[in-house]
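Please examine the model displayed below. The paragraphs after it move from single residues to helix packing and then to the chain as a whole.

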Amino acid sequence: MGEVPPGTPEQGELFPDPMEGVGLDGLPDQLVGFRGPTACQVVGITYRQLDYWARTGLVAPSIRGAAGSGSQRLYSFTDLLVLKIVKRLLDAGVSLQNIRVAVEHLRRRGIRDLAGVTLFSDGTTVYECSSPEEVVDLLQGGQGVFGIAVSGAMREISGSIKDFPAERADGGSVDASPEDELSRRRARRAIS
């Protein structure tokens, strides 16, 4: 994994092809996102951590950054995925410096490739494995002690974000929980 240039102020577009361009509610990933407090709850981090990571460029919000007092950062689904991976690596004891290197590597991979990736760490270095053979080689070398299946983190976030409000960058509305036929029938019965 390569080095991240020091003093990088923003991450830019984290993945060049986020989720094949479709995020929540059929809208582009770069249009629909979540505010900082929601990102914290979904990922399981403090607002102080989120703010620090944004200010230092580790994981900056790709939809809307902070632009002065009272402005709200807006994080995409892809941003939440990377935040979750960063949190798990921190929990495993990996240093922020090594996490920065791993995040830079993930940026270059693109989201389509990430679904088949498992990250391993020995608490110091982060290793990427995308095949069973690579996992076996890593474990035989005595390196890997902690693994993160990126596809599992994707599913976990997809399940948990349904309970939180999404926001469109252009000010439009997001139908966070489209009503199904059974819910409509129950609502009609309750009114009658």
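Arg 73 lies in the loop between H2 and E2, where helices (H or I, at least four residues) and strands (E, at least two) are DSSP runs numbered from the N terminus. The model is a predicted one, in which local features need pLDDT of at least 70, side-chain atom pairs count only at pLDDT 80 or more, and totals for chains, interfaces and linings use all residues. Residues are numbered from 1 along each chain as its sequence is written, and side-chain values use heavy atoms, with hydrogens and water left out.

Is Arg 73 buried or exposed? Its relative accessible area is 11%, so Arg 73 is buried; the term buried means under 20% relative accessible area, exposed means over 50%, and partly exposed is in between (1.4 Å probe, protein chains only). The side chain of Arg 73 forms a polar contact of 2.9 Å with the side chain of Asp 51. A polar contact is a pair of N or O atoms within 3.5 Å; within protein, one must be able to donate a hydrogen and the other to accept it, and residues adjacent in sequence count only if both atoms are side-chain atoms. With neighbours within four places in sequence left aside, the residues in contact with Arg 73 include Phe 34, Tyr 47, Asp 51, Ala 54, Arg 55 and Arg 64, contact meaning heavy atoms within 4.5 Å.

Ser 76 counts as buried because its relative accessibility is 0%. A polar contact of 3.3 Å links the side chain of Ser 76 to that of Ser 62.

Attention now turns to helix H2. Helix H2 (residues 47-55) has Leu 50, Trp 53 and Ala 54 as its buried residues. These residues line one face of H2, because they fall within an arc of 100° when seen down the helix axis; the arc is that of the directions from the helix axis to the C-beta atoms. Which elements do the buried residues of H2 pack against? They pack against helix H1 (36-43), strand E2 (74-75), H3 and H4. The exposed residues Arg 48 and Arg 55 are on the face of H2 turned away from its buried side. Just after H2, Gly 57 adopts a positive phi of about 80°.

The loop between H1 and H2 contains Thr 46. With a relative accessibility of 42%, Thr 46 counts as partly exposed. Thr 46 and Gly 36 are ten residues apart along the chain, and their C-alpha atoms are separated by 9.8 Å.

Two packed helices are described by the angle between their axes and the distance between the axes. For helix H3 (residues 77-91) and H4, the angle is about 145° and the axes are 10 Å apart; axes are lines fitted to C-alpha atoms, for helices over the stretch in contact, and angles run from 0 to 180 degrees between N-to-C directions. The contact is made by Val 82, Ile 85, Val 86, Leu 89 and Leu 90 of H3, together with Leu 96, Ile 99, Ala 102, Val 103 and Leu 106 of H4.

Leu 96, found in helix H4, is partly exposed, with a relative accessible area of 25%. Leaving aside neighbours within four places in sequence, Leu 96 is in contact with Tyr 52, Trp 53, Leu 58 and Leu 90. His 105 is also placed in helix H4 (residues 96-109) and is buried at a relative accessible area of 17%. The side chains of His 105 and Glu 128 are joined by a polar contact of 2.4 Å, and the C-alpha atoms of these residues, 23 residues apart along the chain, are separated by 9.4 Å.

Of the contacts between residues at least 6 apart in sequence, 68% join residues at least 24 apart.
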